[in-house]
Amino acid sequence: MSDFLIKQAFAEAMDLQKSNQLDKAKEIYKKILKVDESEPNAHHLISLIFMAEGNFSEAKKHIEMAIDKAPEQAVFLSNYGSLLHTMGDNQAAIKTIKKSLKIDKKLLQSYYSLGIIYTDLDEVDKAIENYNKALEVDNNASAVHNNLANLFSNINNPEAEYHYKKLIDLVPQEIYPRLNMSNYLIKNSKFKEALIHLNELLDMGLESKEIFNSLGVTHKGLEDDEKAKEMFNKALKLDPNFDLAKKNIDSLN
C-alpha cells in the first residue's frame, strides 16, 4: 500500500469512525497496521474503537504502542489517561494526563478529563480548577459549563446559575440545561424563576415526565396545590410507574 493509499485509507476510516461505523473503521486500521505495524496514528485510533466497545485490554495494548512510537503526541497521552480512569486506575490516569499537558498546555480535553476524575475522587477544588482551565482554552465548551454547573449545584454554590445560563445560550434547544437550572432554582426556593425556564421548555414543544414533575414541585412551592397535582398527573400519564411523581402527589394529600 503506497503512502497515497494509506492516506486515503485513513481518511475513509476516520469518516467511518465519526459516523459510528466502528467495525468497518476497525478493519481499515487493521489493514494499515498489516502494512506498517508501527503506524502510531492507526494504533491510537483503533484503540479508541476498542475503548468504545469496552475492550479495554486491546485498547490499552494499542494506545501504549502508539505512545511508544510517538511519545510527544499529547492527545495520545490524554486519551490513555481517560482509558486508565475508565479502568479504575485514577492516580495513573492523573499522572498520564498531566504529562500530556506538559506537552500541550492548551489541550482542553485533558483539563476536562481531570475535572471528571477529581469530581469522582470528591476533590471538588481540583475539579473546579481544571474545569476553569478548560474554559480558559475555550469559554464556549458546553460540556465543561454543564459539568461545572452540576458540580456547583451539588455543593449549592450560586455560581451554578452562571454556568447553566451560559449553557442555555450555547445549546438553546436542549432540555437538560433549562431543566437542571430549574431544579437548582427549586432547591433554593426560587420558584418563580424556575417556572420561567420550565414554561420555556413547554413553549418549545419539549415535554417529559421530568419537566412535568419539576413543574409540580414548583407550583407546590408557590402554594398552588391544585396546579401541582395537575402537573404530577401529567408526569404519570407519560410514565405510570414514575415513583417520584407518585410520592409528590402523596405529599399533597
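Predicted model: local features only at pLDDT ≥ 70, side-chain atom pairs only at ≥ 80, totals over all residues.

Student: Okay, where does H12 run, and what length should it have?

Tutor: H12 covers residues 191–203. At 1.5 Å a residue, its 13 residues should span 18 Å, and the end C-alpha atoms are 18 Å apart, so the two agree.

Student: Which residues of H12 are buried?

Tutor: Phe-191, Ala-194, Leu-195, His-197, Leu-198 and Leu-201.

Student: And what covers them?

Tutor: The cover includes helix H10 (159–170), helix H11 (175–187) and H13.

Student: Let's do H11 then. What's its reach from first C-alpha to last?

Tutor: H11 has 13 residues and reaches 18 Å, close to the 18 Å expected at 1.5 Å a residue. Just after H11, Ser-189 takes a positive phi of about 60 degrees.

Student: Which H11 residues are buried?

Tutor: The buried residues are Pro-177, Arg-178, Leu-179, Asn-180, Met-181, Ser-182, Tyr-184, Leu-185 and Ile-186. Among the elements covering them are helix H9 (142–154), H10, H12 and H13.

Student: What about nonpolar cores, how many residues are in the largest?

Tutor: The largest nonpolar core has 57 residues, and Tyr-29 and Ile-32 have the most contacts inside it. There's also a second, separate core of 16 residues, which includes Leu-195, Ile-211, Leu-236 and Leu-252.

Student: Switching to charges. How many salt bridges are there?

Tutor: The structure holds 11. One of them pairs Lys-60 with Glu-64, with the closest N and O atoms 2.7 Å apart.

Student: Where do Lys-60 and Glu-64 lie?

Tutor: Both are in helix H4 (residues 56–69), 4 residues apart, which is about one turn of the helix.

Student: Which residue does Asp-239 meet in a salt bridge?

Tutor: Lys-209, at 2.8 Å from N to O. Asp-239 sits in the loop between helix H14 (225–238) and helix H15 (243–252), while Lys-209 is in helix H13 (residues 209–221), so the pair ties together parts that are 30 residues apart in sequence. Lys-209 is partly exposed, with a relative accessible area of 25%.

Student: And in H14, how are Lys-227 and Glu-230 placed?

Tutor: They're 3 residues apart in that helix, so about one helical turn separates them. Their side chains form a salt bridge at 3.6 Å, N to O. Lys-227 is partly exposed at 31% relative accessibility, and Glu-230 is partly exposed at 34%. Salt bridges with shared partners join Lys-227, Glu-230 and Lys-234 into one network.

Student: Last one: where's Asp-89?

Tutor: Asp-89 is in the loop between helix H5 (74–86) and helix H6 (90–103). Asp-89 is partly exposed, with a relative accessible area of 39%.

Student: What does the Asp-89 side chain reach?

Tutor: The backbone nitrogen of Ala-92, at 3.4 Å.

Student: And what separates Asp-89 from Glu-223?

Tutor: They're 134 residues apart along the chain, and their C-alpha atoms are separated by 49 Å.

Conventions. Residues numbered from 1 in each chain as written. Heavy atoms only, no water. Core = buried A, V, L, I, M, F, W, Y, C linked by side-chain atoms within 4.5 Å. Buried < 20%, exposed > 50% of the residue type's maximum accessible area, 1.4 Å probe, protein only. Salt bridge = Lys/Arg side-chain N within 4 Å of Asp/Glu carboxyl O. Helix = DSSP H or I, 4+ residues; strand = E, 2+ residues; numbered from the N terminus. Expected span 1.5 Å × (residues − 1). Contact = heavy atoms within 4.5 Å. Polar contact = N/O pair within 3.5 Å; in protein donor to acceptor, adjacent residues only side chain to side chain.
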